[in-house]
Amino acid sequence: MEKNSAMTVFYLKTDKNPKAGVSAFLGRMLSQSLADAVLVSARTPHSPLPMPAVITDPEKIEAADPLAPAAPFNAARQAVSILRHESGRKIVLVLRPCEIRALVELVKLKQCVLDDAVIIGMECRGRMETPIYLEKAAENPDLTAAFYRDPGLQDAVCASCRICTRFLPQAADIAIRVIGEPTDERIGIVPQTPAGQDLVGRLGLSEGPDSPGREDAVANMRDLREQERERAFQETAGKTDTIEKFQKYVAQCLNCYNCRVACPVCYCRECVFLTDVFAHDPQVLMRRAAKKGMIKLPADTTMFHLTRMAHMAHACVACGHCSSVCPSHIPVADIFIKVGNEVQKRYGYEPGRDLEEPMPLMVYDKPVVE
Amino acid sequence: MSAFEPKIIAMVCNWCTYTAADLAGTSRLMYPHNVRIIRLMCTGMLDAKYVLKAFLEGADGVFIGGCHPGDCHYINGNLKAARRIPGIAAILEQFGFSSERLELKWIGASEGPEFQEHITRFVETIRALGPSQAATAMIL
Ligand code: SF4
Ligand code: SF4
Ligand code: FES
């Protein structure tokens, strides 16, 4: 996706209700037949927790709540479920930056095609862990609006979001701008590609100058996140810099593989850990027990985590969902994001940055940068 | 306590380094007995799991030997292996395994003396590094 050098900003009025502002914006795409469907995080009838939903009826769009600080999973997976092959229907996807990054990786891995898709990316202040979101939503029925005005609520986002420096939706056709914007009055809509321009152009939004303080707000947020990230990386390194320490770090792991299921870039239909490769013969287990006098079952916990890293660390989009789903509350993402960062540096690769950037192990004629 | 003898796992390509090892043997070239050789049909089949498993089972060093670029019998398996290694090494380093413990070299079928040389040097490097932390740790 090409970038425009001069970014024009259009504004949506929100009247203290950014959720309604965004859903009206998406609704117009459906009612003007500019989109056949919108995939967006939306409230379902029985819970305030937004779930990815495919909405085709403009009447139903008011459920859309992409700005809510919640994401029960990385929606790139759900996006893939409707983009597996060309459909001839124009689908607008509203995603977070880490979801777009995962989607870009999944396109490279030939899991889906983007031919029919227009991607709207939201600037992301983070998501709360689901139990925290539900608690806050029970206290505050208008949590989405409150989240953007209340720094206290913003501090309640999950550990991975607090160290995320890629909170702008880089590879999106259209960005929803909330950082440094008075979200109770307006939020910005920024077309970033020709496809985005075309779509926004048909909606008759009014242009405006950049909000004062916008750039500083982005720079401050990036600085804070970078500091926080450096601190977190050091802390995690201290806890994992020997194999014994790492084993202590994952000591409560149940080998449930939820982390792998939640990971958007762990895309194999059948994980090697579910195959006969790791369904050892009893003799093998006995032999391994005899070697050190004892073996923990299920076996291969350390092997599982290291192998998963070897398979996907170069593509880790730092979404944090592996931590969110761990029943043993192991900070899985802290170590995966850190190792991912190291591996990505080694290959000079940034997952999700650009559809045209080949994945590190798909090219072999290039020497590896050190 | 007896002196430290490193345990080295060498995963080598059938067509080149394995043949070189054979040649070193038939030419009666001496090389350290610390090496356990595992034959691969091509370094292109080197799976990260093999390397990780070797280290977790207590190998002090892992040596990979493949055909020189351009000589791989499967065209580019060796280049793929070469691309994989830095990622595996980066992961191992995070958990305290020095990247010097994992090495990839191109050794052609006729290079028996080179095999001897590389293995001797690698064993010395590992000897100087000392035993791997996983040699005694219980791997869970
Ligand atoms: S490893 Fe964890 S943080 Fe990285 S992409 Fe997968 S789920 Fe997200
Ligand atoms: S989700 Fe947690 S308990 Fe389950 S396999 Fe992953 S780290 Fe282990
Ligand atoms: S055949 Fe020797 S490395 Fe491929």
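This is a predicted model: local features need pLDDT of at least 70, side-chain atom pairs count only at pLDDT 80 or more; totals for chains, interfaces and linings use all residues.
## A buried asparagine in chain A

At 10% relative accessibility, N255(A) counts as buried, where buried means under 20% relative accessible area, exposed means over 50% and partly exposed lies in between, with a 1.4 Å probe and protein chains only. Residues are numbered from 1 along each chain as its sequence is written, chains are lettered from A and ligands numbered from 1 in the order in which they are written, and side-chain values use heavy atoms, with hydrogens and water left out.

N255(A) sits in the loop between α10 and α11 (258-262) of chain A; helices (H or I, at least four residues) and strands (E, at least two) are DSSP runs, numbered from the N terminus. Its phi is near 55 degrees, a positive value in a residue other than glycine. Y257(A) lies in the loop between α10 and α11 of chain A, has a positive phi of about 65 degrees although it is not a glycine, and counts as buried at 12% relative accessibility.

The peptide bond that joins L297(A) and P298(A) is cis, with omega about -10 degrees, and P298(A) is placed in the loop between α12 (282-292) and α13 of chain A.

Strand β5 (residues 117-122) of chain A is mostly covered, since six of its six residues are buried. In a regular strand the side chains alternate between the two faces of the sheet. From β5(A), A117(A), I119(A) and G121(A) point one way, whereas V118(A), I120(A) and M122(A) point the other way, and all are buried. Strand β4 (residues 91-95) of chain A runs parallel to β5(A) and is joined to it by five bridges, where two strands pair if DSSP finds at least two bridges between them; V94(A) has I120(A) as its bridge partner in β5(A).

## The surroundings of R166(A)

R166(A) is found in the loop between α7 (159-162) and β6 (174-177) of chain A. Although R166(A) and E123(A) are 43 residues apart in sequence, they are 9.3 Å apart in space, C-alpha to C-alpha. When neighbours within four places in sequence are left aside, R166(A) is in contact with P97(A), R101(A), C316(A), V317(A), A318(A), E350(A) and P351(A), contact meaning heavy atoms within 4.5 Å.

Chain B has four helices and four strands, and along the sequence they follow the pattern β-α-β-α-β-α-β-α. The C-alpha trace of chain B spans about 40 × 35 × 20 Å along its principal axes, and 51% of the 140 residues of the chain count as buried. Among contacts in chain B between residues at least 6 apart in sequence, 81% join residues at least 24 apart.

Helix α2 (residues 48-56) of chain B is largely enclosed by the rest of the structure, because seven of its nine residues are buried. These buried residues are A48(B), K49(B), V51(B), L52(B), A54(B), F55(B) and L56(B). They pack against α10 (243-249) and α13 (301-312) of chain A, together with β1 (8-13), β3 (61-66), α3 (77-94) and β4 (102-106) of chain B.
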